[in-house]
Amino acid sequence: MTTSIAPSTSTEPDARTAPLTVLFSFLLRADPAANASETDPNLSFETWGDYWRKVHGPRFLHPDEADDRTTISRLLRYDQIHRVASGPTSLNPPPYRPPLDADGRLFETIVGHVEPYRRPQWDGVAYLNFAGLDDLGAVLGAERVRRKILPEDQAIFRDLGPVLARQFIIMPNTAGDDSIILIKTHIRRDDLDRERFQRRWLHDHAELVVGQADTQRLVKRYVQLHNIGPVTAGAPFFHPVASRIDGVTLMAFASMKDVESFLLSDGYAVIEEAERSIAIVEAGEYWTGLTFTVVDQHAPEQASATS
């Protein structure tokens, strides 16, 4: 259930197309032995997801003091994106094929014939939207968060890789039903600096993506997150892995079937080939997640201004 909180003055009509400031934090769950909610490795992934959504999410939004409500209202959107292990990933993309012997026949047994599982780097993402950096600082810098939420983060997450970003909504989804999300990270080519990469990605590449018939048929929402965070160790929000990410693509779909169809489409092949002109495709990764929208006071969203 999405939490309803007092509307923010940051969402007046003349500001709705301005790019939002986003903290997009990649998350890795705690080791089972150190997991505050579950030590059984067979249950760790599912109980971690259950705790994150049903306990951590409500704790993050609970106002201890009267003025906490005003501070929390500066958070425009909060999504938890939980990685779906059986969904498409760049490490094991569709089409999926069974192991076959040299004659193209099924083995009598799968034992010894299944490729080792290759997992993406992260288990999920906390996707926080703000009107600007001041709002982000007010929400995350609140005493309640510093004393009671950040210590909890250290107990349930093994690692957090924050990407401080400027968000450009290329294709808005006015219905707000962004349940299935494809997350793709981008690392620019060595001959491009970050500014040039982001400019070409936002204009030339986005136009190509939107122009594909398969995009129009299958993608419900298309967002670019442009990393504006630090690249120097010790700076706030610096992370050695996340700082190398120049941008993140978010694409929403109606079903997992549509994600797989899109990744197998001629349109996606065109998109990925074009991406090679600005990014090192193999240096990034993609994976599929299930979105739990905890706060949304920015709906219905509109396409972002890009000039």
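**Pockets and cavities**

Student: How does the lining of the second largest pocket split by class?
Tutor: The second largest pocket has 15 nonpolar, three polar and one charged residues in its lining. Nonpolar means Ala, Val, Leu, Ile, Met, Phe, Trp, Tyr, Cys and Pro; charged means Asp, Glu, Lys and Arg; the others, Gly among them, are polar.

Student: What sort of model is this?
Tutor: A predicted one: local features need pLDDT of at least 70 and side-chain atom pairs 80 or more, while totals for chains, interfaces and linings use all residues. Numbering runs from 1 along each chain as its sequence is written, and side-chain values use heavy atoms, without hydrogens or water.

Student: Which residues lie nearest the centre of the second largest pocket?
Tutor: Leu-23, Ser-25, Leu-150, Asp-153 and Leu-160, out of 19 lining residues. The space in this pocket is about 420 Å³.

Student: How are pocket and cavity defined?
Tutor: On a 1 Å grid over the protein atoms alone, a cavity is a set of points where a 1.4 Å probe fits but cannot get out; a pocket is an open set with protein on both sides within 12 Å along at least five of seven lines; lining residues have an atom within 4 Å of a point. Points join across faces, edges and corners, and volume is the space filled by probe spheres set on them.

Student: Which element gives the most to the second largest pocket's lining?
Tutor: H4, with five residues. At least two residues each come from strand E1 (20–29), helix H1 (44–61), strand E3 (124–130), helix H4 (143–156) and strand E4 (157–171). Helices (H or I, at least four residues) and strands (E, at least two) are DSSP runs, numbered from the N terminus.

Student: And the largest pocket, what's its volume?
Tutor: About 520 Å³. It has 21 lining residues, and Asn-92, Arg-97, Val-114, Glu-115 and Pro-116 are the closest to its centre. Its lining holds twelve nonpolar, six polar and three charged residues.

Student: Switching to cavities. How many reach 30 Å³ or more?
Tutor: Four. The largest cavity has a volume of about 110 Å³.

Student: Which residues sit nearest the centre of the largest cavity?
Tutor: Lys-184, His-186, Thr-249, Met-251 and Ile-271, from a lining of 13. Strand E5 (180–186), helix H5 (194–211), strand E7 (247–253) and helix H8 (266–275) each supply at least two lining residues. By class, that lining has eight nonpolar, three polar and two charged residues.

Student: What lies nearest the centre of the second largest cavity?
Tutor: Arg-77, Asp-296, His-298, Ala-299 and Glu-301, among 13 lining residues. The second largest cavity holds about 70 Å³ of space. Its lining divides into four nonpolar, five polar and four charged residues.
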